[in-house]
Amino acid sequence: MRNSSLEPRNTLGAGDRTLGPDPVLVGVLNVTPDSFSDGGDFLAPEKAASRAAAMLDEGAEIIDVGGESTRPGSDPVPQEEEARRVVPVIRAILADRPDAVISIDTYRAATAGVALAAGARVVNDVTALRGDPRMADVVAGSGCPVVLMHMLGEPKTMQRDPRYEDVVREVRCFLAARAEHAFAAGVERENIILDPGIGFGKTLEHNLTLLRHLDALVELGFPVLVGASRKRFIGRITGVEEARERVFGTVAANVLAYERGATLFRVHDVRANREALAVALAVRYGAR
Ligand code: HH2
């Protein structure tokens, strides 16, 4: 028996398959000079496109392209600069792989608009449509899926002593309210994906509590995306300072998140996570 509690199912854009219990890998492609683990690596469109192709070959189903770092302490970049970074990369990926599903990691309506026009098919908004009053219209108008992420505060200051009375309840209430807001703005229910925002205004203990109780978010009835990949909380636990070397800890977080009902995993190391999640899927439902 497949897990029917993951209804409603989401489409990833016209013609794409629906989301069921199979884990979906979202490969991270940061077109930034300063991202915490891959900053500066993929600024050139050709390099970015070959990185995207490699992640697709390793089993990524979506490539998440971002033009502004949101790591703790980071500063915003001007919208024009963000668009200038991501649009040529989206075009280069699609020239090479016309069927690739690309998501645009932005909270700015203008950047989302040009990215969708260039061929992106998903919007990943770390502000859950709060960062730009025009974003809800862009998403609703395009009919694309949208990731709504929880963040306490803003990247520049979010890690300065974040506090919650009950982190799971507060994140759940926030995401339920943002899903309602999106729906009221015209985004279809089946196009809404929720994300607890691991590392965004959260202590180590907040991140662990959210991962432990992820089923409380899954209960809201939308697919849940988790972005734990290489993050600092994993380094705190394992002692691995170098972000690129945090793959084993990332895999553990993702397998446990999957067991609690998350279905989308935003990762830098696609193959390691895909293989681990394939085994987790087989343990839950049997081998194919
Ligand atoms: N994390 C980052 C960026 N975007 N989007 C979603 N939906 N969920 C996340 O957890 C998430 C995200 C931060 O990671 P990264 O892109 O690797 O680094 P940076 O922000 O420094 O570019």
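A: **The ligand site and beyond**

Of the 18 residues around the ligand, S35, S69, N124, D195 and K231 come nearest, where a residue counts as near if one of its heavy atoms lies within 4 Å of the molecule. This is a predicted model, in which local features need pLDDT of at least 70 and side-chain atom pairs count only at pLDDT 80 or more, whereas totals for chains, interfaces and linings use all residues. Residues are numbered from 1 along each chain as its sequence is written, and side-chain values use heavy atoms, with hydrogens and water left out.

Among the polar contacts (here pairs of N or O atoms within 3.5 Å), a nitrogen atom of the ligand lies 2.7 Å from an N or O atom in the side chain of N124, and a ligand nitrogen is 2.9 Å from an N or O atom in the side chain of D105. On the backbone side, an oxygen atom of the ligand is 3.3 Å from a polar atom of R71.

S103 belongs to strand β3, residues 102-105, strands being DSSP runs of E with at least two residues and helices runs of H or I with at least four, numbered from the N terminus. With a relative accessibility of 3%, S103 counts as buried, a term for values under 20%, with exposed over 50% and partly exposed in between (1.4 Å probe, protein chains only).

Turning to helix α10, its 16 residues (270-285) should span 22 Å at 1.5 Å a residue, and the 22 Å between its end C-alpha atoms agrees; the expected span is 1.5 Å times one less than the number of residues. V270, N273, L277, A280 and L281 of α10 are buried, and they cover an arc of only 105 degrees around the axis, which puts them on the same side of the helix; the arc is taken from the directions from the helix axis to the C-beta atoms. Their cover includes β1 (24-30), α1 (45-57), α9 (247-259) and β8 (264-267), while V279 and V283 are exposed on the other side of α10. Just after α10, G286 takes a positive phi of about 95 degrees.

As for confidence, the mean pLDDT (the predictor's confidence in each residue, from 0 to 100) of the chain is 92, and 93% of its residues reach 70 or more. Over residues 1-10, however, pLDDT stays under 50, as it also does over residues 13-17.

Key:
Contact = heavy atoms within 4.5 Å. Polar contact = N/O pair within 3.5 Å; in protein donor to acceptor, adjacent residues only side chain to side chain.
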